Amino acid sequence: MSTSLPESRTSLPEAHGDIAPGDEIEPTDVPRAIRGYLIGLALATLLTCISFYIARSTLVWQPSIPIALSVLAIAQMGVHVIFFLHITSGPDNINNIMALAFGLLIVMLLVFGSLWIMTHLDHNVMPIERLMHMQR
Amino acid sequence: MSAGVEAYPGGVAGGGLATVGGGHAQSLTEESAHGPSKRIVVAYGFWIFLISDIILFSALFASYAVLTDATAGGPTGRDLFELPTVAVETACLLLSTVFCGLAGIGAQARRNAMYYGSMAATFVLGATFVAIELHEFATMIHAGAGPDRSAFLSAFFALIGCHGLHVSAGLLWLLTMMAQVYAKGYRPDIRRRLLCFALFWHTLDIVWVALFSLVYLVGVAPK
């Protein structure tokens with residue numbers, strides 16, 4: 001990750017503020033910008049291939065496959081955010097990161113909250129067939 | 001999404017009218033004089049919209065995750081999903097997102113061949129993705145596994161279909177951006193729209209990463 005940060009940023013004058021989300025870090029350096037996308041492509045391809053391989057193989061302990069796939073997906077999303085969206089941890093990116101972090105909080109609440117509540121309902125509510133059976 | 005394609009008079013708020021070289025350093029100096037440049041304000045606003053879009057997808061995803069096992073005796077993901085198709089779709093979208101980035105570089109460097117070539121490649125790959133997805137949907141509906149078959153399939157079609165609609169809308173936007181650059185050149189307001197488009201397209205690929213991993217691959221993984 002640190003290779004994508006240009007050295008020149010540290011040499012900028014004091015006045016640097018924010019950068020727009022998605023903006024190239026160094027827009028005038030075309031080969032360098034292209035290289036960033038190619039590194040991202042390579043990493044994303046690697047992670048995708050591992051995901052597709054794991055889903056069908058017996059290499060990983062089977063009940064852990066969904067967790068492994070989730071971890072790989074999160075890693076790949078991180079690659080996309082850094083190399084394609086150029087949202088990095090730099091000081092000029094702090095507003096973009098904060099907005100993303102808040103969005104992720106809501107996403108986690110929604111997904112895990114729904115799953116949590118609904119599995120509890122599943123466990124606690126008797127299946128309708130059993131209920132009918134008891135009434136007889 | 002239309003918020004990003006609104007017409008801007010261009011550079012009123014101390015933004016890019018004076019930006020000739022398109023250099024980052026220039027926008028930094030302007031920023032210190034007049035507050036944040038228009039480019040930053042527009043892109044940040046669009047970023048907030050994209051995050052709310054991600055939240056929309058996460059709500060659809062949560063309902064899918066809750067309803068995965070509610071197949072009502074009908075076909076499950078293991079019966080329906082075909083991994084080779086999903087792999088081709090994934091490759092299309094990943095390559096198109098890289099070409100979209102190259103188009104952004106081409107626009108900033110004022111290289112017409114790079115810009116138009118990359119945008120065309122992005123369009124072809126995106127259109128291939130939509131075509132494959134429509135074919136997949138048609139096959140499933142034809143086999144009696146349409147959204148009316150079970151709660152699982154309703155949630156599946158809502159989630160994947162919503163992403164497909166976003167990609168289709170993105171394709172229209174892409175053509176608009178090619179036409180706008182052709183007609184108006186690399187003006188600051190056009191380049192702001194291009195930045196928003198690139199953000200939109202990259203975000204759609206990020207959403208697809210979650211979908212192919214957690215819907216398709218987890219769906220066929222042995223339990």
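1. Let's start with a term: two residues are in contact when heavy atoms lie within 4.5 Å. In chain A, 62% of the contacts with a separation of 6 or more involve residues 24 or more positions apart.

2. A word on the source: this is a predicted model, where local features need pLDDT of at least 70, side-chain atom pairs count only at pLDDT 80 or more, and totals for chains, interfaces and linings use all residues. Residues are numbered from 1 along each chain as its sequence is written, chains are lettered from A in the order in which they are written, and side-chain values use heavy atoms, with hydrogens and water left out.

3. Chain A has four helices and zero strands (DSSP runs: H or I of at least four residues for helices, E of at least two for strands, numbered from the N terminus). Of its 136 residues, 36% count as buried, meaning under 20% relative accessible area, with exposed over 50% and partly exposed in between (1.4 Å probe, protein chains only).

4. Now look at the largest nonpolar core, which has 96 residues. Such a core is a set of buried Ala, Val, Leu, Ile, Met, Phe, Trp, Tyr and Cys residues joined through side-chain atoms within 4.5 Å. Among the members that touch the most others are Trp47(B) and Tyr115(B). The largest share, 21 residues, comes from α7(B).

5. Which residues does Tyr115(B) contact, leaving aside neighbours within four places in sequence? They include Ala103(B), Met177(B), Tyr186(B) and Leu194(B).
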